[in-house]
Amino acid sequence: MPLRLCTLRCACILLVILPQVAWAQERTGTKPGFVLPPRSATILLIRPTISVGAQSTGGMFEPDADWTAQARENIAAALTLAQTRLGNQVIVADEPVGPAAQVMAEYRALFSVLADSVMRYQFFAGNRLPSKKRKGQFDWTMGPGVAEVARGTRANYALFVSNQDQFGSTGRKFLQVFAAMAYVSVKSGEHTGMAGLVDLRTGDLVWLNADMAMGGDVRTPEGAKKRVAQLLEGFPGSAMPASQTVK
Amino acid sequence: MWPGQWRRAAAAVALLTGVAAHAEPIPSLPPYSGAYQPQGVDERGIWMEFDERERSFRDSTVVINDAPLKAYVMQVVCRTVGAARCQAVRPYIVRDTSLNASMAANGMMIVHTGLLLRARDEAELASILGHEFAHFELRHSLHGFRHDRTAGGIAAWASVAGAAAWAYGGRSAYDTVRVARSVQTSAIGSTYAHTRDQERQADLLSMAYLKASPYDPQRFPDIWDQLLDEKDATAHGRRQRSTRYDRAGFTDDHPSTIERTTTLRQLALAMNKPGEDGKERYDAALAPWRAAWLSDEIKRNDFAGTDFILRRMAGAQWSADLLFARGELYRARGHPRDLVAAAGFYREVIARDPTRAEAYRGLGLAQLRSRDAGGVAALRTYLTMKPAAQDAAMIATLIQ
C-alpha cells in the first residue's frame, strides 16, 4: 500500500463532531523546588520536530517544505538567542551514528510519549491519574539512561522542542465564514507547540510547556522570536523582569 | 453514431463503472530517469514529511538492521524492477508478523517479516515488492493526497450546506440536507475507491515488471491464493464465516483478494512466460531468520492460521525447526490433547537433532503440565545443555 500522510477521514469527522475542543486548562508544569540559576546550564538542544504547512478546506494538513525549512532556521536562531540572554549555553545535538543513533531515536520517541502523558494525565486537571493528584506535584521521569544522548558533551540539560503549524488556506477561511453564517464554528489554522527540559543527571522532566494555540508566524524571524518566547514561557530561571526576555 | 464511436463510448462507460478493470492489459514500462526530485509544493511537502519520518524510522528498534538480509531484499528489488529503477529504493525490514509491505513517496520501502516468512520463494516476494515499487513510480502518495484534499473540501462544503439548510429551514431544507449528506458520503467513499484503483494499477505495473524480470509471473496470484487459504483456516479455527468471496466494502482500501488473484491469474496465463522462482536463494538467505520469525508468528494467537502456515511450509517433509515451531504452537494453546501432540513433536525434533536444547525444554514443560514425571529429566537435560539460558533460574525452580 502507498503510505499516506494523514487520513482525510479523521479530518471529516473532526469537522463534524469537534467544533471546539476545550484544551488543557494548564499549559505548563515545573518540578517542585526546581530552579535553574541563570548562567549555570549547558543545554543540549535535541533536533526539534518542526512541521509547517497549510490547512486544506477539509482540515487536512498540507506540509510545505519551504515554510518548514524557514521555520527550522528561525526557531533555532530564536532559541539560541533567548537562552543566551538567560546566560545559558545552548549546544545543538549532533546527528549520531551507529548504536548512539538508536539510543537517540528511542529517547526522542520516549519523550514524545512522556510529554503526551503529561498533557493528558497532568495538565487536564479533571483527568489526573490518582498518583498525580497531590497539589503542586510534577513527578515525571525518563530514567537516568537519558544521559546517554549527551555523552561526550558537557550538557547537563536536554531541551526537546516540537512544533506544528497549519496555516488556514484561503479555502478554509472561506469555509469558516460560510460555516459561521450557518452557526457552525470551524477553526481555521492550528498552531501547536511543546517544549520540555530534562535533567540529564536524573532523567527527570523538570519543566514542560505545551500550548495548543500559539502565536507568532514561524516563517519570519520576528514571528519565530515571539513563538519561542511563548514556548519558553515559564522556563525555569526565566522568572526575571519581563523586559529582559524576548518579546 | 459510427460503430467506432459506439465502441469508444462503451469503453468510456465501462471505464467509468470499473467494469473494464479485468480487461485492462499490462502497461508497458514508463520511461524512467534516475535520481528523481520532488516537484511542486505538494510533492516537496510530502517528501519532506517522509524524509523526517525516515530519519527516526531508520534508527528505530522495530527495524532489523542486518546488512546481509537488507542486501538480499535489495537484490530482489533490483532483479524485479531493474538495476536503474531500484537505486531509488531504501528497504527497511520491520519486525511485524502481518503479510504486508508499504512504500513511501520518497523511496522508503517497508517490508514486514510476516511477508518474508509467508512468501515461499523469491518470485512471490518479487511480485509484492514490484507492486510496492509501482506505487512509488506512479507517485500514488501524491495523487492520493491530492484526491483526499479535493474530496475533503467537497465533504466540508457539503456539511456546511447541510448545516445552513438546517439552520435557516425553508421548504427545501430537508432535500438540501439529504443531498448534502449524499454528496458527503460520495466524497468520502471516493477516497477509498481511489486507493482501490491505485492498488489495481500497482498490480498491473508489477506484472509489467515481472514480465521484464527473470521471475515467473504465476507466483504473483499464487501468493494471494495462499493468503485466501490462510484466512479461511483462521476463520475456521475461530468459528467465523469465511470472507473469501466477499466484495470490497465502502471503506476497504484494497480490492478484494479474490478479485486481485483472479485478474492476476488471467494476466499471468495470457503472458505465458516461463521464469525462475529463486527458491534456493530465498531459503538460503532467510534460513538464519526463520526460527525467530516463526516464534513471532506463534505469538499471534491464531492457532489454525499458524498451523496452516507451518503445514504449508513443511509440505511432505517436516524439518526439525518447523516441527519445533509446531510443538511450541501446540504447547502455547495447551489443551491436554495439545500437550500430548506437542510432546510428540518435540520428541521427533530430538530424534533428528539431539543437540537442540530448546526441544528438551518444550518437552519437559509439556510433560510436566500433563502430570508426566518424565518432564523433570527433560528439563534437567535442558539445563545441562544450556546452563546460562535466560530462563535457567525459573526452570530450576520447577525441578527441585
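Axes are lines fitted to C-alpha atoms, for helices over the stretch in contact, and angles run from 0 to 180 degrees between N-to-C directions. Helices (H or I, at least four residues) and strands (E, at least two) are DSSP runs numbered from the N terminus. The model is predicted: local features need pLDDT of at least 70 and side-chain atom pairs count only at pLDDT 80 or more, while totals for chains, interfaces and linings use all residues. Residues are numbered from 1 along each chain as its sequence is written, and chains are lettered from A and ligands numbered from 1 in the order in which they are written.

**View 1. Helices H8 and H11 of chain B cross at roughly 140°.** The axes of H8(B) (residues 219–237) and H11(B) (residues 303–314) come within 7 Å. The two helices are therefore oblique to each other; angles under 35 degrees count as roughly parallel, over 145 as roughly antiparallel, 65 to 115 as roughly perpendicular and the rest as oblique. H8(B) passes H11(B) in a right-handed crossing (left-handed if the near helix is turned anticlockwise from the far one by less than a right angle, right-handed if clockwise). Residues of H8(B) including B:Asp229, B:Glu230 and B:Ala233 meet residues of H11(B), among them B:Phe303 and B:Phe308; contact requires C-beta atoms, placed from the backbone, within 7 Å. The contact residues divide into five nonpolar, four polar and two charged, where Ala, Val, Leu, Ile, Met, Phe, Trp, Tyr, Cys and Pro count as nonpolar, Asp, Glu, Lys and Arg as charged, and the others, Gly among them, as polar.

**View 2. Helices H13 and H14 of chain B cross at roughly 155°.** The axes of H13(B) (residues 336–352) and H14(B) (residues 357–369) come within 9 Å, and the helices are therefore roughly antiparallel to each other. The crossing of H13(B) past H14(B) is left-handed. Among the residues that meet are B:Leu339, B:Tyr346 and B:Ile350 in H13(B) and B:Tyr360, B:Leu363 and B:Ala366 in H14(B). Ten nonpolar, two polar and two charged residues make up this contact.

**View 3. An open sheet of three strands in chain B has the order E1-E3-E2.** Its pairing is mixed; two strands pair if DSSP finds at least two bridges between them. E1 (90–94) and E2 (101–103) of chain B are the edge strands, each pairing on one side only. Neighbouring strands are turned by 15° against each other on average, direction ignored. E2(B) and E3(B) (residues 108–112) run antiparallel and are joined by three bridges, and B:Met103 stands opposite B:Met109 in E3(B). Helix H3 (residues 67–81) of chain B packs on the sheet, touching E1 and E3 of chain B, and its direction makes about 125° with that of E1(B).

**View 4. Helices H3 and H5 of chain B cross at roughly 75°.** The axes of H3(B) and H5(B) (residues 122–137) come within 9 Å, and these helices are therefore roughly perpendicular to each other. The contact includes B:Val76 and B:Val77 of H3(B) and B:Leu125, B:Leu129 and B:Phe133 of H5(B). Its residues divide into seven nonpolar, two polar and two charged.

**View 5. Chain B touches chain A through 36 residues, in contact with 37 residues of chain A.** H2 (40–58), E2, H6 (140–168) and H7 (173–212) of chain B are the elements giving two or more residues to this side of chain B. H6(B) gives the most, with 17 residues.

How values were computed
Contact = placed C-beta atoms within 7 Å.
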